Amino acid sequence: MGKPIMIVGTASGAGKSLICTALCRILTNRGYSVAPFKMQNMSLNAICSYEGLEMSIAQYIQALACKKKPSVVYNPLLLKPENGQTYVVFEGKFSEIIPAASYMTNRKQKYFKKGLQTLQKLMDENDYVIIEGAGSPAEVNLMPYDITNMAVAKAVNADTFIVTDIDRGGSFASIVGTMEIFNPHEKKLIKGFIFNKFRGIAEMLTTGFDYLREKYNIHYFSVIPMLTHALPEEDSLQNWETKRGDLDICVIRTPFISNFSDFSPLSWYNGVRYVQTPGEVHGDLIILPGSKRTVDDLKWLRMTQIDKAIYQAWKKGTFIMGLCGGFQMMGTTILDNFETLSGKVEGLGILPITTVINREKRKGNVNRKITLGSETYFVKGYEIRHGETSVQLDNPFSEPLPGEKGFSDCCTENACGTYLHGLFYNDDFTIAFLNRFRHQKGLLPITSKMNSLDQEIEQFACAVEKHLNVDAIVYGEA
């Protein structure tokens, strides 16, 4: 049976996901069979598994770090918050929408039992399972309902490590507070502390380490410096980028933005600006991203008058692009029969399309071809959406490959929309796409930098391995 290793944090954003990703790749590179696992993830940044089902991008990346196909077995529960409601995805499929309090008190346990069976199977099939917690494991109001932190650790007797973001300050106090809230059984599972995002001199931490060692008889300490990386962030705690490269690429940061990892490759090659005011809406390329609540985000565009800024930029020749929900917003009308029950709503009027949002959810991996000028690019991606779109223009942005069925999308002279998530991870296409804008500005073309997601994982894991005492985690020898 494989060994479970669990990473919990003193707070959201402490670095659990990235430390787990690094551990997955480090142990995989050492020849072990490794699998990631997170019982429950709350995020709007979902992605499509290899089975064509819905999962969190954090476990998707961790699966790639393990050199395994990303599967929903690594993330049984995915929650999406919606105005006090909880949208529940279990084993990759939509399960229910219920009030958050009802999910907390009445629904969790039925999912927890099935999730533990999945975890047990992963332990049977692998040398190590790297388990990620969620938020803080010591929230006293939530601990009675816990199914993703110490409840998991206790169920499988996992060696558990607490990671803390020392750059925020208060790390030692956060660790002590966490430990003091734990009961004796939970304290016994804690094998060490990882201080993440450190910028100073490590010797300055010695007194604090001595204090924790004496108080809790724990001897494992690792200090990870502040590391730069280009891995997609898991949720809205990400650092929203404001970087203008040679091209000015503007992404509208709507309240219900989803699948924002779509734009990470644009950050690698150029930089993007996430904006929330009409005065910021300008540039060479303006992108409307995916949305968990398309109509609500469309109403927000109107309330902020960003809709007018987008329309005016389009009229002046700026290229407007919509992905999934953003594609739907660019049309003439949306009939919402599911997400907000708003009925018929007027769209931005940039593309000749109409959309009906209904309960049925389409999800799956797709292969398409896109023609830019005289070149054709074969691209891979995925779709996760409610809604069917009718296009009144025979000028598709992308087309399905022979033998495949798929969605309709469209393109005009300075606007396009598509349901294809993951589009910009196709490097050849992305380089050609950006070079069209660079040519218009008289800039030299860019070439491939080999900025693949796998390379980003490898580089980050190698950087972490220099500072993380992996042998102590694996063998329990501090």
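**Briefing: threonine 430 and the chain around it**

Setting aside neighbours within four places in sequence, threonine 430 is in contact with Leu266, Tyr269, Leu423, Phe424 and Tyr425. The model is a predicted one. Threonine 430 lies in helix H12, which covers residues 427-440.

**Threonine 430**
- Is threonine 430 buried or exposed? Its relative accessibility is 0%, so threonine 430 counts as buried, the cut-off for buried being under 20%.

**Fold and dimensions**
- The chain holds 14 helices and 25 strands.
- Its radius of gyration is 23 Å, close to the 23 Å from the globule rule for 478 residues, so the chain is as compact as a globular protein of that length.
- The C-alpha trace spans about 70 × 50 × 45 Å along the principal axes of the chain.

**Packing**
- Of the chain's 478 residues, 58% count as buried.
- Take the contacts in the chain with a separation of 6 or more: residues 24 or more positions apart account for 72% of them.

**Surface and charge**
- How many positive and negative side chains does the chain have? There are 51 positive and 51 negative side chains.
- The centres of these two sets lie 3 Å apart.

Terms used
Residues are numbered from 1 along each chain as its sequence is written. This is a predicted model: local features need pLDDT of at least 70, side-chain atom pairs count only at pLDDT 80 or more; totals for chains, interfaces and linings use all residues. Side-chain values use heavy atoms; hydrogens and water are left out. Helices (H or I, at least four residues) and strands (E, at least two) are DSSP runs, numbered from the N terminus. The radius of gyration is taken over C-alpha atoms; the globule rule is 2.2 Å times the number of residues to the power 0.38. Buried means under 20% relative accessible area, exposed over 50%, partly exposed in between (1.4 Å probe, protein chains only). Contact means heavy atoms within 4.5 Å. Lys and Arg count as positive and Asp and Glu as negative; His and the chain ends are not counted. The place of a charge is taken as NZ of Lys, CZ of Arg, CG of Asp or CD of Glu.
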